[in-house]
Amino acid sequence: MIGFLGTQLDQRHRRGWRPSLALCSAPEFPIDRLELLYDYKFNRLAHDVRRDIEAASPETEVLLQRIDTADPWDLQEVYGKLYDFAQSYGFDEDRERYYIHLTTGTHVAQICWFLLSESRHIPAALIQTGPPRRKEDGPGSLDVIDLDLSQYDAIQKRFDQQTREYGNLLKGGIDTQSVAYNTVIDRIEHVTERSDAPVLISGEAGSGKTELAHRIYEMKLQRRRVKGRLVQVNCATLRGESALPALFGQRRSHTGLAGSERAGLLSEANGGVLFLDEIDTLGLEEQSLLLHAIETGRYYPVGSDTEVTSRFQVIAAATQDLAAMVAAGRFRADLMSRLNTWSFHLPPLRARREDIEVNLTQELLKAERVLGTRIGFNADAAEAWLRFARAPSTLWPGNFRDFGGAVLRLCTLAPRGRVTLAQVQEEIDTLRASWAKATPDPDAQLVGTVISEPLDPFEVAQMAEVIRTCRTSATLSEAGRRLFAVSRTQRSSRNDADRLRKYLARFDLSWDDIQRIDPPS
């Protein structure tokens, strides 16, 4: 048995229950050796207790272990002293069984015992003793606490279920298969649970930054990390004279006009979360004032000489590369450093093609709620739509905005609630025409500069994907693995570099030719 000397409860003059003495007097739980830990200030009491135990229980050997602490309520100091004790003890589990007496010592000491036992630095079970209700009940109660959670399947399953629920919340209930996306979500879950520092979400327009910010807030609310509301600020609208009053509020004395006083968005976010959407569009002056408010929780409303206090957590979203903007002098480095405590990049939809089908199901459910009727795809229509949506040449420049809008159009026009193949073909043509006008593919433009012979449209898209992959890969082999990711698993020989080299040779191109191509201006 290992335990602390009870500096109050183990006193000799007490007529009542003395835990260390009672522990060694329990006939149903004989103790061979008691390691009694004490501070030098209680040296006399430790020796008195040892004599009393040896008199009451001669078969128990009492060894006094002096452990001095400057502050027994300092967690770091107490844990360090007990950790050092455990490291030097020399436990022999083949010959002995070990227990820790929890009843004596400070609450800090009890916490340390739990930590050291659960981590197996001390291979011991925990013992909790209590005084008898009546004198005839003997030395009192004795309970063993087992920290092996594997024996408590119900508890473990409940923890696992809660973890899954939080993960599902962040993913919007969608069973995503993308490794990159799931890794981001898992990390965000850990950060949301343990940190109140600013979170920066980056990614292309339409990749789901706003929805994820709302889900992070919901998780913070569920875990009681915040109490206030989520205040969303579209930084792109904070322009001109109205920007500062909108953010920091305004006093009527500044304008003299009735009804011109306003609290400001920072004040509304007090106790909650301030979501700075499109932070990369905010002007430099607003950035400077916002940084001070984020760091101190204090700011001056427009027209006021008195500081206002507002404590809030921050989530920011950016489409552009903030580091590149800092280098170009368009974003403050100190604000980026403040927002960048936790940074997460959402992959675009074209990098999550394995999630296309589950997101289609989700968009169908949304459309059904909007339209008030059940809608489905005919089998050939579903096959054609998924084939198009997953194709390497389909870049989804608007990401989920394009995807969700297309599904809603298909559902709205579906005759008798069934999306047909003809509809799908028409929607595919509409999307391609729209993308060609709005966002010409620079890699598709390059195809015409390196290949003189005329190509079918599908060949242009295919070659554009090859050029894009080669230019973003370190080696020919890496590019081959990415381009032949599916078919390579069905071949006995996986010489991806040779396959890609032969494909390029059909157009009189080589790896070096691709790397020397100058991008269009």
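Trainee: What percentage of the residues of the chain count as buried?

Mentor: Of the 521 residues in the chain, 44% count as buried; the term means under 20% relative accessible area, with exposed meaning over 50% and partly exposed lying in between (1.4 Å probe, protein chains only). Please note that this is a predicted model, in which local features need pLDDT of at least 70 and side-chain atom pairs count only at pLDDT 80 or more, while totals for chains, interfaces and linings use all residues. Residues are numbered from 1 along each chain as its sequence is written, and side-chain values use heavy atoms, with hydrogens and water left out.

Trainee: How many helices and strands are in the chain?

Mentor: The chain has 22 helices and 15 strands. Both are DSSP runs numbered from the N terminus: helices are H or I with at least four residues, and strands are E with at least two. As for contacts (heavy atoms within 4.5 Å), residues 24 or more positions apart account for 69% of those in the chain with a separation of 6 or more.

Trainee: How should I read a sheet, and in what order do the 6 strands of the open sheet stand?

Mentor: Strands of a sheet pair through backbone hydrogen bonds, either parallel or antiparallel. Here two strands pair if DSSP finds at least two bridges between them. The 6 strands follow the order β3-β2-β1-β4-β5-β6, with mixed pairing. Strands β3 (61–66) and β6 (141–145) are at the edges with a single partner strand each, so one side of each has no neighbour in the sheet. From one strand to the next, the twist averages 25°.

Trainee: Which helix packs on this sheet and touches β3?

Mentor: Helix α3 (residues 75–89) does, and it also touches β1 (2–4), β2 and β4 (98–101). Its direction makes about 145° with that of β2; such angles run from 0 to 180 degrees between N-to-C directions, and axes are lines fitted to C-alpha atoms, for helices over the stretch in contact. Helix α4 (residues 107–118) lies across β1, β2, β4 and β5 (124–130), at about 150° to β5. Within the sheet, β2 (residues 33–38) and β3 run parallel and are joined by 6 bridges, and L34 stands opposite V62 in β3.

Trainee: What is the pairing in the open sheet of 5 strands?

Mentor: The pairing there is parallel, in the order β8-β9-β12-β7-β13. Its edge strands, β8 and β13 (342–345), each pair on one side only, and the twist averages 15° from one strand to the next. Between β8 and β9 there are 5 bridges, and L230 stands opposite V273 in β9. Helix α7 (residues 209–222) lies across β7 (199–202), β8, β9 and β12, running at about 170° to β9.

Trainee: How is a pair of helices described, and at what angle do α20 and α21 pack?

Mentor: Two packed helices are described by the angle between their axes and the distance between the axes. Helices α20 (residues 476–483) and α21 (residues 496–505) pack at about 90°, their axes 7 Å apart. They are therefore roughly perpendicular to each other, a label for 65 to 115 degrees; under 35 counts as roughly parallel, over 145 as roughly antiparallel and the rest as oblique. The residues making the contact include L476 and L483 of α20 and L500 and R501 of α21.

Trainee: Which residues touch the most other members of the largest nonpolar core?

Mentor: In soluble globular proteins, nonpolar side chains tend to be buried together. A nonpolar core is a set of buried Ala, Val, Leu, Ile, Met, Phe, Trp, Tyr and Cys residues joined through side-chain atoms within 4.5 Å. The largest has 31 residues, and L266, L276 and I279 touch the most other members. Another core lies apart from it, with 26 residues, among them L360, L364, L410 and A414.

Trainee: Is W396 buried or exposed, and what is its phi?

Mentor: Most residues other than glycine have a negative phi, and most peptide bonds are trans. Phi of W396 is near 45°, a positive value. W396 is buried, at a relative accessible area of 0%, in the loop between α15 (379–390) and α16. R416 has a positive phi of about 55°; this residue lies in the loop between α16 and β15 (418–419) and counts as exposed at 80% relative accessibility.
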